[in-house]
Amino acid sequence: MRTDEMKTLSIPKILAALTACVACSLVGLAQTSGAPAAQRVKEHPVPRIVEQDGRYALMVDGAPFLMLGAQSNNSSDWPGTLDKVWPAIEYLHANTLETPIYWEQFEPEPGRFDSTQVDLVLKEARAHHAHLVLLWFGTWKNGSQHYMPEWMKLKPEIYTHVTNKNGELVDSPSPFSQASLEADKRAFAALMKHLKEVDGERTVLMLQVENETGTWGAMRDYSPEAEKLFAGPVPAEVLKAMGKPAGATSWRDAFGAEADVNFHAWAVAKYVGEIAAAGKAVYPLPLYVNAALRDPFKGAPGTYEAGGPTDNVLPIWKAEAPAIDVLAPDIYLPETASYLKVLELYHRADNPLFVPETAGSPRTLARFLFSTLGLQAIGYSPFGLDYTRTPPAHQGDTDSPNSFLDATAQNYKLVGPMMRDVARLNFEGRLQATAEVESEPTQTLHFGDWDAVVSYGGGRSGTPKGNAEPIGRALVAQLKESQFLVTGYFCRVDFRPAGSEAQRKAGTVAFGTGQTPSALLEGKWVHRQFLKVEEGTYENGVFKFGRILNGDQTDWGLGLGAEPEVLRVSVGTY
Ligand code: DGJ
């Protein structure tokens, strides 16, 4: 407010204005203008993750929000490359860009912080109506210390590396370097302080602390200091978290062949936990750590990057890094069974599911967004989706310049406009979603008295035998007892009154017919009928009725093809 404007205001109005100004500076909104500060504070609370009955939601502007993200390539966050990022985000209909913040750029000299790139990406994100997840490339990046500032790299005797079993230094930072820890804490806290000051709009939803922490080429640090700790007692909280009895005299005694990797996970989690706590104390945004995975079926120690939150050490990470809200899997596994197993392993009562990175064959990969939503995910974000140099994961997709984006764009075009409803229905436990699995042409989702039967590759009316490639995906949410929201691609969805599991297995409940539990008691057979199938579109988060489908469009169930289609379906029995 200008002082000449203040002259014309009454005393109460001036007091209100001053209060607003104080609130404005308190929350660091000084750079934004327009609506009164108090209103802004109300409109833009700090994003947070909430839990209810074991289900999670990321609250943005006071309501559940689904991050439909894309992660840029590692070297894309520079003034000269961002113009190769935003067109991809737009093409994808993504609502969130995951982009790195490089420690070497942010702290070029000890204690001197350069926020120009943070400010630039914030400004550009706002101009593109996108949110950001910032990736703190700090002490660890893919197990190495490559993003440490040069002034640190030049002093490996202070900012130490992991020592392997043979006494050689490895290309990985030691979690026992107090100097590295203090430097990272200071830099990360400075980043959070800056965000708190400049991001009253809450463009940034969440931060990733480090990137794929841990070590390749050694299962742990074997330096003299580490050896001493390894020979000593295991901290009580680690034993408790891992369900081991108290009293083990050493790590080997407690964990046998898993001792080295568990020890490294403990050391890395403690280190990252301290950084996260330091940042969160300044500005309490949700924080997560991403994991380079081990094979969920045969991940023996020594075959994967040890130290990070791999599935076998999640309890250690939870115990040692409570300021981290989410332990998140980077999924690059080509096998369907492995992919789905990883989702299951990271969807825990104490951990919201979030996939911050994934890549694979773009057409078949896209269906996993739906598997992820079926496990109440708060977000999903394929890796490397920008127009800078194409990473190896996408080589071979040369048929069109956008072939690496198309299937994800198809997903986000459909789910984007309805993401608030999807996030809310998921948080309320009323949504199920699924993806096609090879050799499984039919899947059933259970909703109390109703089953939704999803089938693939049967055309409009034929027997389902699976699509030529597994690309089918479906989402069904129960709006009322007998009303459902239905969407997806390359599948057919139908409903039937729920029969007992035994009946289903015995095949006595046919497609589209069956017995409800209550009808079972009365010994009556009942059949499904569509009362109304409304086709519509989501506009500004609201379902807008378009037409009623009937006849060929519903007689064999609800066919969903390559076009984005949303249906509101009322069912009954006769
Ligand atoms: C996982 C890492 O977290 C990413 O930064 C990137 O290096 C990809 N792997 C591979 O391109």
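Visitor: How many helices and strands does the protein have?

Guide: In this predicted model, the protein contains 20 helices and 25 strands. Of its 574 residues, 57% are buried, and the protein exposes about 23,800 Å², of which carbon and sulfur atoms supply 55%.

Visitor: Which residues touch the most other members of the largest nonpolar core?

Guide: That core has 128 residues, and Leu195, Leu207 and Trp317 are the ones that touch the most other members. Helix 12, residues 259–282, gives the largest share of this core, with 11 residues. Apart from it lies another core, of 21 residues, which includes Val454, Tyr456, Val486 and Val569.

Visitor: Which residues does Trp317 touch, not counting residues up to four places away in sequence?

Guide: With those left out, Trp317 touches Ala265, Val268, Ala269 and Val272, and also Thr213, Val289, Gly307, Gly308, Pro309 and Leu327.

Visitor: How should I read the length of helix 12, and is the helix enclosed or open?

Guide: The reading sets the distance between the end C-alpha atoms against the span expected at 1.5 Å a residue. Helix 12, with 24 residues, reaches 35 Å from its first C-alpha to its last, close to the expected 34 Å. Because 18 of its 24 residues are buried, helix 12 is largely enclosed by the rest of the structure.

Visitor: What describes a pair of aromatic rings?

Guide: Such a pair is described by the distance of the centres and the angle of the planes. The structure holds 24 aromatic pairs. One of them, formed by Phe230 and Phe263, is edge-to-face, with 5.2 Å centre to centre and 85 degrees between the planes. Phe230 lies in helix 9, residues 224–231, and Phe263 in helix 12, so the pair ties together parts that are 33 residues apart in sequence. Both Phe230 and Phe263 are buried.

Visitor: Why is the pair of Phe263 and Trp266 called tilted?

Guide: Planes under 30 degrees apart count as stacked and those over 60 as edge-to-face, with the rest as tilted. The planes of Phe263 and Trp266 stand at 45 degrees, with the ring centres 5.5 Å apart, so this pair is tilted. Being three residues apart in helix 12, Phe263 and Trp266 are separated by about one helical turn. Phe263 is buried at a relative accessible area of 1%, and Trp266 is buried at 9%. Phe263 and Trp266 belong to one aromatic cluster together with Phe176, Phe230, Trp251 and Phe255.

Visitor: Where is the kink in helix 17 centred, and what distance separates the end C-alpha atoms of that helix?

Guide: The kink, of about 25 degrees, is centred on Ala409. The 13 residues of helix 17, residues 403–415, should span 18 Å at 1.5 Å a residue, and the end C-alpha atoms are 19 Å apart, which agrees. Since 11 of the 13 residues are buried, helix 17 is largely enclosed by the rest of the structure; among the buried residues are Phe404, Ala409, Tyr412 and Leu414.

Visitor: Which residues does Pro564 touch, leaving out those up to four places away in sequence?

Guide: Pro564 touches Leu414 and Tyr489. Pro564 lies in the loop between strand 24 (558–560) and strand 25 (566–573), and is partly exposed, with a relative accessible area of 36%. Pro564 and Gly488 are 76 residues apart in sequence, while their C-alpha atoms are 7.5 Å apart in space.

Visitor: Is Arg202 buried or exposed, and is Asn540 buried or exposed?

Guide: Arg202 counts as buried, at 6% relative accessibility, whereas Asn540 is exposed, with a relative accessible area of 80%. Arg202 has a positive phi of about 60 degrees although it is not a glycine, and sits in the loop between helix 8 (178–198) and strand 9 (204–211). Asn540, also not a glycine, has a positive phi of about 50 degrees, and is found in the loop between strand 22 (526–539) and strand 23 (542–549).

Terms used:
Residues numbered from 1 in each chain as written. Predicted model: local features only at pLDDT ≥ 70, side-chain atom pairs only at ≥ 80, totals over all residues. Heavy atoms only, no water. Core = buried A, V, L, I, M, F, W, Y, C linked by side-chain atoms within 4.5 Å. Buried < 20%, exposed > 50% of the residue type's maximum accessible area, 1.4 Å probe, protein only. Helix = DSSP H or I, 4+ residues; strand = E, 2+ residues; numbered from the N terminus. Contact = heavy atoms within 4.5 Å. Expected span 1.5 Å × (residues − 1). Bend = angle between axes of the 7 residues up to and from the residue. Areas by Shrake-Rupley, 256 points an atom, 1.4 Å probe, with all protein chains shown as cover. Phe/Tyr/Trp six-rings, centres within 6.5 Å; stacked < 30°, edge-to-face > 60°.
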